[in-house]
Amino acid sequence: MMRSMYAGVSGLRNHQIRMDVIGNNIANVNTVGFKTSRVTFRELFSQTMRGASAPGDGRGGTNPMQVGLGMTLGSIDEIHERGNVQYTGINTDMAIQGDGFFILKDGNNTLYSRVGTFDIDSNGNLVDKANGLRVQGWQANADGTFGTRDSTTLTDIRIPLGSQISPMATENLELVVNLDSRLD
């Protein structure tokens with residue numbers, strides 16, 4: 001009797017966890033950068049009442065007699081699909097299309113986030129609005145090129161507002177057009 005109660009209770013407990021995950025998904029439907037989750041289940045071991053037998057002497061074999069002992073939580077998986085990118089009207093808000101994360105720095109700790117709600121601090125550093133962590137990346141050189149992209153060259157992303165760049169004359173122009181075949 002207790003075994004059957006335990007099997008039923010294990011199902012109720014784990015389906016409550018599933019409902020908790022679904023509720024969390026609904027609660028975070030408008031949370032920036034939130035990734036939905038799903039729950040998978042698996043069967044607990046079964047108690048074998050009688051083992052299987054092989055066929056022989058003109059008789060077929062028999063399957064084992066097993067009683068399931070309920071179910072357990074298999075995993076809670078984060079589903080990492082890209083959501084819809086929405087325009088916010090804030091120039092420092094960013095989104096990642098495809099794989100990847102924003103790199104944030106907290107002292108010696110490196111953190112990763114898909115949330116791109118950023119602002120510029122008083123020193124011109126790009127920072128996370130929620131916690132002030134500095135956004136890391138590869139700073140462009142004065143000529144607009146980037147150096148090598150290895151983990152040792154990550155720096156704070158600095159946006160020098162109000163600074164001016166000296167103008168440069170255009171040196172080359174590449175034009176790709178279709179010509180009208182009816183003309184000479």
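Which strands each supply at least two residues of the lining of the second largest pocket? Before selecting anything, note that this is a predicted model, in which local features need pLDDT of at least 70 and side-chain atom pairs count only at pLDDT 80 or more, while totals for chains, interfaces and linings use all residues. Residues are numbered from 1 along each chain as its sequence is written, and side-chain values use heavy atoms, with hydrogens and water left out.

Select β5 (102–106) and β9 (134–137), the strands that answer the opening question; strands here are DSSP runs of E with at least two residues, numbered from the N terminus. The largest share of this lining, three residues, comes from β9. The lining divides into eight nonpolar, two polar and no charged residues.

The volume of the largest pocket is about 870 Å³, and its lining has ten nonpolar, twelve polar and five charged residues.

Finally, select Met19, Ile22 and Ile26, which make a nonpolar surface patch of about 290 Å². Isoleucine 22 is found in helix α1 (residues 2–27), and it counts as partly exposed because its relative accessibility is 31%, where partly exposed lies between buried, under 20%, and exposed, over 50%, with a 1.4 Å probe and protein chains only.

Notes: 1 Å grid on protein atoms, 1.4 Å probe; cavity = no way out; pocket = protein on both sides within 12 Å on 5 of 7 lines; lining within 4 Å. Points joined across faces, edges and corners; volume = space filled by probe spheres on them. Nonpolar A, V, L, I, M, F, W, Y, C, P; charged D, E, K, R; others polar. Helix = DSSP H or I, 4+ residues; strand = E, 2+ residues; numbered from the N terminus. Patch = residues over 30% accessible without salt bridge, like charges linked within 9 Å, V, L, I, M, F, W, Y side chains within 5 Å. Areas by Shrake-Rupley, 256 points an atom, 1.4 Å probe, with all protein chains shown as cover. Salt bridge = Lys/Arg side-chain N within 4 Å of Asp/Glu carboxyl O.
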